[in-house]
Amino acid sequence: MQHMKTISFENLYHATSPAPTCFDAWQASSQAHTVIVGGGFAGINTALGLAERGISALVLEQKSVGFGASGRNGGFVFAGYSLGESALLNALGHELARAWYQRTQAAVNLIRARISRYAIACDSVDAGVLWANWFNDPAVLSARQNLL
């Protein structure tokens, strides 16, 4: 029988953050209007939004807040979709694609506002986005710039 090896790693979030606060384990008698599974960026942001509206939320997280992908992305947040603006435009048409893209811009602005409002110590830097191109063809970036 082979022995299983456990791989231990520490991500940037955990390496640069104070020790996480320990909370009591969830009890079957706990009550909340909403239950959120996962304490990553999306789960915590959703819980915060609900709390701002006076809606109770219970966040269930197996490991610790920011564990997994949310702790490994380096904290980068910017507007847009991974499929790219051209694909979004082709799939949705001009008006709807613009509206969807503007929602991502509003989400980034909401994050900035919450960092300020709650004095979140996260070494926030708001210096824009640098688009780079590894092809020997400046037309790729020019086309994207014109589209945006």
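Y81 is partly exposed, with a relative accessible area of 30%, where buried means under 20%, exposed over 50% and partly exposed in between, with a 1.4 Å probe and protein chains only. The model is predicted, so local features need pLDDT of at least 70 and side-chain atom pairs count only at pLDDT 80 or more, while totals for chains, interfaces and linings use all residues. Residues are numbered from 1 along each chain as its sequence is written, and side-chain values use heavy atoms, with hydrogens and water left out.

**Aromatic pair**
- The count comes to 1 aromatic pair, under a rule by which rings of Phe, Tyr and Trp (its six-membered ring) pair if their centres lie within 6.5 Å, with planes under 30 degrees apart counted as stacked, over 60 as edge-to-face and the rest as tilted.
- The rings of Y81 and W100 have centres 6.3 Å apart and planes at 40°, so the pair is tilted.
- Because Y81 lies in the loop between α3 (69–72) and α4 (85–92) and W100 in helix α5, the pair ties together parts that are 19 residues apart in sequence; helices here are DSSP runs of H or I with at least four residues, strands are runs of E with at least two, and both are numbered from the N terminus.
- W100 is partly exposed, its relative accessible area being 33%.

**Strands and crossover**
- Strand β1 (residues 34–37) and strand β2 (residues 57–60) run parallel and are joined by 4 bridges, where pairing requires that DSSP finds at least two bridges between two strands.
- Within this pairing, I36 has V59 in β2 as its bridge partner.
- From β1 the chain crosses through helix α2 (residues 41–52) to β2 in a right-handed β-α-β crossover, meaning that, with the strands pointing away from the viewer, the path from the first strand over the helix to the second runs clockwise.

**Loop between α5 and α6**
- G128 is found in the loop between α5 (94–117) and α6 (139–147), and G128 counts as exposed at 63% relative accessibility.
- The C-alpha atoms of G128 and F78 are separated by 8.7 Å, although these residues are 50 residues apart along the chain.
- A119, also in the loop between α5 and α6, has a positive phi near 50° and is exposed, with a relative accessible area of 64%.
- D123 lies in the loop between α5 and α6, with a positive phi near 55°, and counts as exposed at 75% relative accessibility.
- Most residues other than glycine have a negative phi.
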